[in-house]
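Welcome! Please take a moment to look over the sequence and the 3D view before reading on.

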Amino acid sequence: MTQVIVLNGGSSSGKSGLARCLQAVLPDPWLAFGVDTLIQGMPASMSGSEAGIEIAPDGGVAVGASFRALEEAWIEGISAMVRAGARVIVDEVFLGGAASQQRWLKALGGLRVLWVGVRCEGAVAAGREVARGDRVTGMAEAQADLVHQGVRYDLEVDTTHAEALECARIIAAHVH
């Protein structure tokens, strides 16, 4: 039985909406956690800090040692919830591509994970970014392909023209 669904895609690719739709279409209750939740939970002093997370004017993202330490604890915490019986959807942005996936693979070892690539053309994601109004312009386009480099998936969906609910149904059909 699938215990974890990891959705990886760039900013504004539609992962959060997809996670909510998955919660609606999957027959059992699933918790959903996103990297945005982790970032929002960090102290304000880590934003714009070399040790924390820095977002450049062009949308580039750099993270430091303090961010990585808290991220590792967060990943282990999600893993612990799954091991305790919760089924979890993770909404992630693998800025380090394969290296980011490796952190999750290590923590989720022995669990049944469905790895899902959430693709969206950069121009479409950039349009969503502008409409959202809560992201640095350029982040979506910069991450559209970067986050998928070297990452291995069980399934990929493309939200460029497909609705979140349609993509959620495709993913749900692969959850066993």
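## About the model

This is a predicted model, in which local features need pLDDT of at least 70 and side-chain atom pairs count only at pLDDT 80 or more, while totals for chains, interfaces and linings use all residues. Residues are numbered from 1 along each chain as its sequence is written, and side-chain values use heavy atoms, with hydrogens and water left out.

## Salt bridges across the chain

Let us start with charged side chains. Side chains of opposite charge can pair when their charged atoms come close. Here a salt bridge is a side-chain nitrogen of Lys or Arg within 4 Å of a carboxyl oxygen of Asp or Glu, and by this rule the count comes to seven. One of them joins Arg-87 to Asp-28, with 2.7 Å between the closest N and O atoms. Arg-87 sits in the loop between helix H3 (65–83) and strand E5 (88–92), and Asp-28 in the loop between H1 and strand E2 (31–34), so this pair ties together parts that are 59 residues apart in sequence. How open are the two partners? The terms used are buried (under 20% relative accessible area), exposed (over 50%) and partly exposed (in between), with a 1.4 Å probe and protein chains only. Arg-87 is buried at 13%, whereas Asp-28 is partly exposed at 36%.

Another salt bridge brings together the side chains of Asp-36 and Arg-135, at 2.7 Å from N to O. Asp-36 belongs to helix H2 (residues 35–41), while Arg-135 is in the loop between helix H5 (122–132) and helix H6 (139–146), so the pair ties together parts 99 residues apart in sequence. Asp-36 is partly exposed, with a relative accessible area of 28%, and Arg-135 is partly exposed too, at 23%. Then there is Glu-156 with Arg-119, whose side chains meet at 2.4 Å, N to O. This pair links distant parts of the chain, with Glu-156 in strand E7 (residues 155–158) and Arg-119 in strand E6 (residues 113–119), 37 residues apart. Glu-156 is partly exposed at 42% relative accessibility, and Arg-119 is partly exposed at 29%. Elsewhere, a network of salt bridges links Arg-68, Glu-71 and Arg-103.

## Cysteines without a bond

How many disulfides does the structure hold? A disulfide is a covalent bond between the sulfur atoms of two cysteines. With the cut-off used here, a pair of cysteine sulfur atoms within 2.5 Å, the structure holds zero disulfides. For Cys-120, the closest cysteine sulfur is that of Cys-167, and at 9.7 Å it is too far for a bond. Cys-120 is buried, with a relative accessible area of 7%.

Cys-167 is in no disulfide either: its nearest cysteine sulfur, in Cys-21, is 9.0 Å away. Cys-167 counts as buried, at 1% relative accessibility.

Next comes Ser-79, which lies in helix H3 and is buried, with a relative accessible area of 2%. Which residues does Ser-79 touch, not counting those up to four places away in sequence? They are Ala-107, Leu-108 and Leu-111, where contact means heavy atoms within 4.5 Å.

Ile-170 is in helix H7 (residues 164–172) and is partly exposed, at 36%. Leaving aside neighbours within four places in sequence, Ile-170 is in contact with Leu-155 and Val-157. From C-alpha to C-alpha, Ile-170 and Leu-22 are 9.7 Å apart in space, although 148 residues apart in sequence.

## One face of helix H6

The buried residues of H6 are Met-139, Ala-140, Gln-143 and Ala-144. Seen down the helix axis, they fall within an arc of 130°, so they line one face of H6; the arc is that of the directions from the helix axis to the C-beta atoms. An α-helix has 3.6 residues a turn, so residues three or four places apart point the same way. What covers the buried residues of H6 includes strand E3 (53–55), strand E4 (61–63) and H5.

Key:
Helices (H or I, at least four residues) and strands (E, at least two) are DSSP runs, numbered from the N terminus.
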